[in-house]
Amino acid sequence: MAKDKKSRLILNRLSKRYPNAASELNFKNSYQLVISAILSAQCTDKMVNRVTPQLFRKFPSFSALSKAPLKDIERIITPINYYRTKAKNIKRLSQIVTKELSGRLPKDFEGMVSLPGVGRKTANVVLGELGISKTLPVDTHVFRVARRLGLSSGKRPEDVEEDLKGIFPPSQWRKVHHSFILHGRYLCKAKNPKCGDCPLTDLCPNGTPKNGTPKN
């Protein structure tokens, strides 16, 4: 099957499976989004959503967080993986945004990745969710799903991102990002994927069909 036809089928089926695909991080503005995105690195969205309500109540803005004692930030986000490093990063980022950027995040990729704790994926998440630019962030779920479906053989997230951008038009990048994340999170898991419940088994070169007979 041609890759363009296969990609259309994949996205159509995932859109039906996840009709309201969107970020599962809870945020209300750019400040909450970037802080949540940084905290979510190598951590579940569910855990991030558990700690951010208290964090944002106590420190409701970049300015407030920039002045927060580091120990107070660490105490609130202790359940988060690498909380000490992330506490330093979000405090330093808030100081830079407050003092050097007039309280506003950069509106370009280069500016975003120059901030502490912001890598390629986080920058793309923020720019895409805020509608500043069309992006296709590749996290561990998108990376795994794209490779299992044969849409990319890239060894690095940026390689998979480039492949997916070459397959899907920019108007679909956000939908691809969110639907692939949800599919990887709930069905196409790293361990014990639920192939029997997957709507893509006939399109997947690595899955087990619903009849339970391995393809390879």
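Buried area is the accessible area (1.4 Å probe) that two parts lose on being put together, summed over both. The size of an interface is often given this way. The model shown is predicted: local features need pLDDT of at least 70, side-chain atom pairs count only at pLDDT 80 or more, and totals for chains, interfaces and linings use all residues. Residues are numbered from 1 along each chain as its sequence is written, and side-chain values use heavy atoms, with hydrogens and water left out.

**View 1. The two domains of the protein.** Domain 1 covers 1–21 + 137–203, and domain 2 covers 30–130. These bounds come from an automatic or database domain assignment. The centres of the two domains, taken over C-alpha atoms, lie 27 Å apart. Nine residues of domain 1 and seven residues of domain 2 make the contact, which means heavy atoms within 4.5 Å.

**View 2. The area buried between domain 1 and domain 2.** About 610 Å² is buried here. Carbon and sulfur atoms give 46% of that area. On the side of domain 1, P137, E161 and R174 supply 56% of the area buried against domain 2.

**View 3. Salt bridges and polar contacts between the domains.** Three salt bridges link domain 1 and domain 2. Each has a side-chain nitrogen of Lys or Arg within 4 Å of a carboxyl oxygen of Asp or Glu. R174 and E129 meet in a salt bridge through their side chains, at 3.0 Å from N to O.

**View 4. The side of domain 1 that touches domain 2.** The elements that give two or more residues to this side are α10 (157–167) and α11 (173–186). Helices are DSSP runs (H or I, at least four residues), numbered from the N terminus. The largest share, four residues, comes from α11.

**View 5. Y82 in its loop.** Y82 sits between α5 (70–76) and α6 (83–100). Its phi is positive, near 55°, in a residue other than glycine. Y82 is exposed, with a relative accessible area of 54%; exposed means over 50% (1.4 Å probe, protein chains only).

How values were computed:
Polar contact = N/O pair within 3.5 Å; in protein donor to acceptor, adjacent residues only side chain to side chain. Buried < 20%, exposed > 50% of the residue type's maximum accessible area, 1.4 Å probe, protein only.
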